[in-house]
Amino acid sequence: MEVGCAGGLEELCPVCGDRVSGYHYGLLTCESCKGFFKRTVQNNKSYACVENQRCRVDKTQRRRCPFCRFQKCLYVGMRLEAVRSDRMRGGRNRFGPLYKRDRAMKQQRRALIQARFPPLTPTAPQGGPPSAGGFPCPPPSDRSPPAAGLLLDPHTELVLTVPGVSRLVLGGAAPPLERGGFSRMFSGVEQLLCALVGWARTSIFFRQLKVGDQMRLLQGCWCELLVQDVVSRLLLQGRGGGSLDLLPGPEVELSDMVSLAGPALVSLTQRGAELLDSLSFLEVDPQEFTCIKLLILFNPDVRDLEDPGFVAGVQQQVAGVLRESPLRPGSPQDPGRFPRLLRGLSELRGVSRQVEEVLCCRQLRGEVPGNSLLSEMLQAGGAAGV
DNA sequence: TGTCAAGGCCAT
DNA sequence: ATGGCCTTGACA
Ligand SMILES: [Zn+2]
Ligand SMILES: [Zn+2]
C-alpha cells in the first residue's frame with residue numbers, strides 16, 4: 001500500500017483512492033493500479049464479476065473484483081495503447097506532452113484557487129445533491145435563453161472524425177469484413193466511445209453524480225450516444241451538400257450486403273436511412289442535438305441508480321430547454337416540433353438497439369478485443385438485461 | 001545530465 | 001496475483 005512519503009501531491013488515485021505515484025498510462029494513478037493495469041493488458045487477462053459489475057473499488061477492496069477494478073481503470077481513462085506490446089523500457093511515449101499540459105493546468109488552477117480563497121479550499125466537488133431542487137447554477141426561474149446557455153457545455157461543437165464508423169454503423173458493412181473491416185470499425189468505435197465518456201464527464205450535472213451512477217448511465221446509453229453522434233455528424237456536415245450520399249454505401253450493393261453481412265445489417269441500414277430522413281427533414285440544429293444528447297445521457301429509467309431523482313430532474317430541465325428554445329430567430333415556435341423530436345429520439349433508440357445487437361454478435365464471435373471499453377459496455381449491458 | 005513513466009523484480 | 005521498489009532510456 002505504498003510507504004508514506006511526506007509532502008508530494010495530495011491527489012488520490014481515481015480508481016481506488018490510494019496515493020498517487022505519478023502519471024501512468026494516461027493519468028495520475030497509484031502504484032498498485034499501475035501494476036494491475038500493466039499485468040492485465042500485457043497478459044491479456046480477462047476477469048469475470050460474480051456480482052453485477054458494480055463492485056466498490058477502493059483501497060481496501062480493490063483486490064476483491066479484478067473485473068470491476070479493470071472496468072474502472074478504463075472508465076477513468078487509463079489507456080491501453082500506453083502499455084507497450086514490445087515491452088521496451090524507459091524513454092517517453094506520445095503521452096508525454098499530455099502529461100505536461102495536465103500538470104500545467106493543475107498548477108494554474110491551484111494558483112488561481114489559492115489566490116481567491118487564501119486559507120480554505122478542501123476542493124469539494126460535491127457529495128450527493130438531493131433531488132430536484134438542488135441545481136447549483138441555474139435556478140429554473142429564468143427564461144429560456146440563459147438556461148440554454150448554461151446547459152450546453154463548451155464541448156458541444158467538438159467534431160469527432162472517426163473514419164469508417166458512419167458507413168459501417170449506419171451505412172452497412174464494408175466488403176472486406178473478414179480481413180480488417182471490422183477491426184478498423186472497432187477502433188473507430190472504441191475511440192468514439194472514449195470521446196463520448198470524456199464528453200459526458202465535462203457536463204456539470206454529470207459530475208455531480210456519484211461515480212457509480214455515472215457508470216450506470218453510460219452503460220445504459222453508450223450505444224444511443226454513439227448512434228446519435230454519428231447521425232448528428234452526418235446531418236450537420238451533410239447539410240448544404242447533396243444529402244446523404246453515404247447512406248446506401250457507395251461501394252456495396254444491397255444484394256452483396258445481404259450475402260456478406262446477413263439481413264440484420266440490411267434492416268439496420270434501412271432503419272438508419274429512415275431515421276436520417278426524418279431528422280434531416282426536421283432540420284435539427286446543433287443546439288437541439290446537444291439537448292438530445294443530454295436527454296439520452298440522463299435517463300432516469302436506467303436500473304439501480306442511486307439517485308434517479310436527480311437524473312430525472314436534469315432530464316426535465318433539458319426537455320424544457322428543448323421544448324421552449326427559440327429555434328431560428330425568424331421562425332415562430334412550432335408546438336408540434338418537440339413531439340416530433342421525441343419521436344425521432346425513439347426511432348434512434350430502435351436503431352441503437354439493432355446496432356448493439358450487431359456488436360453483441362461480433363463479441364460472441366470473439367471479434368471484439370477484450371480489455372476494451374466496447375467490450376466492457378457490451379458485457380455490462382448484457383448482464384443488466386437492458 | 002536530470003527527469004520520470006515505462007517495464008522488471010521479487011517478497012508477500 | 002499483488003504492489004513496493006528498482007532499472008531503463010527518449011526527451012528536454
Ligand atoms: Zn489505485
Ligand atoms: Zn465486480
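So, a donor here means an N, O or S atom within 2.8 Å of the metal. Keep that in mind, and keep in mind too that what we're looking at is a predicted model.

Okay, the zinc ion, ligand 1. Which protein atoms are its donors? They're the SG atoms of Cys13, Cys16, Cys30 and Cys33, sitting 2.2 to 2.4 Å from the zinc ion. The angles among those 4 donor atoms run from 102 to 114 degrees, and the site is tetrahedral. If you follow the donor residues along the sequence, the spacing reads C-x2-C-x13-C-x2-C.

Now take two of those cysteines, Cys13 and Cys30. Cys13 is in the segment before strand S1 (20–24), while Cys30 is in strand S2, residues 27–30, so this pair ties together parts that lie 17 residues apart in sequence. Buried or exposed, then, for Cys13? Cys13 has a relative accessibility of 4%, so it counts as buried. Cys30 comes out at 1%, and that makes it buried as well.

You'll find Asn299 in the loop between helix H11 (286–297) and helix H12 (308–324). It's a loop residue, but Asn299 still counts as buried, because its relative accessibility is 16% and the cut-off for buried is under 20%.

What does the side chain of Asn299 have 2.9 Å from one of its polar atoms? That's the backbone nitrogen of Asp301. And if we skip the neighbours within four places in sequence, Asn299 is in contact with Leu217, Leu305, Val311, Gln315 and Arg349.

That's my tour, thanks.

Notes: Residues numbered from 1 in each chain as written. Chains lettered and ligands numbered in written order. Predicted model: local features only at pLDDT ≥ 70, side-chain atom pairs only at ≥ 80, totals over all residues. Heavy atoms only, no water. Helix = DSSP H or I, 4+ residues; strand = E, 2+ residues; numbered from the N terminus. Buried < 20%, exposed > 50% of the residue type's maximum accessible area, 1.4 Å probe, protein only. Polar contact = N/O pair within 3.5 Å; in protein donor to acceptor, adjacent residues only side chain to side chain. Contact = heavy atoms within 4.5 Å. Donors = N, O, S within 2.8 Å, 3.2 Å for Na, K, Ca; no water. Tetrahedral: all angles 85-135°; square planar, octahedral: opposite > 155°, others 65-115°.
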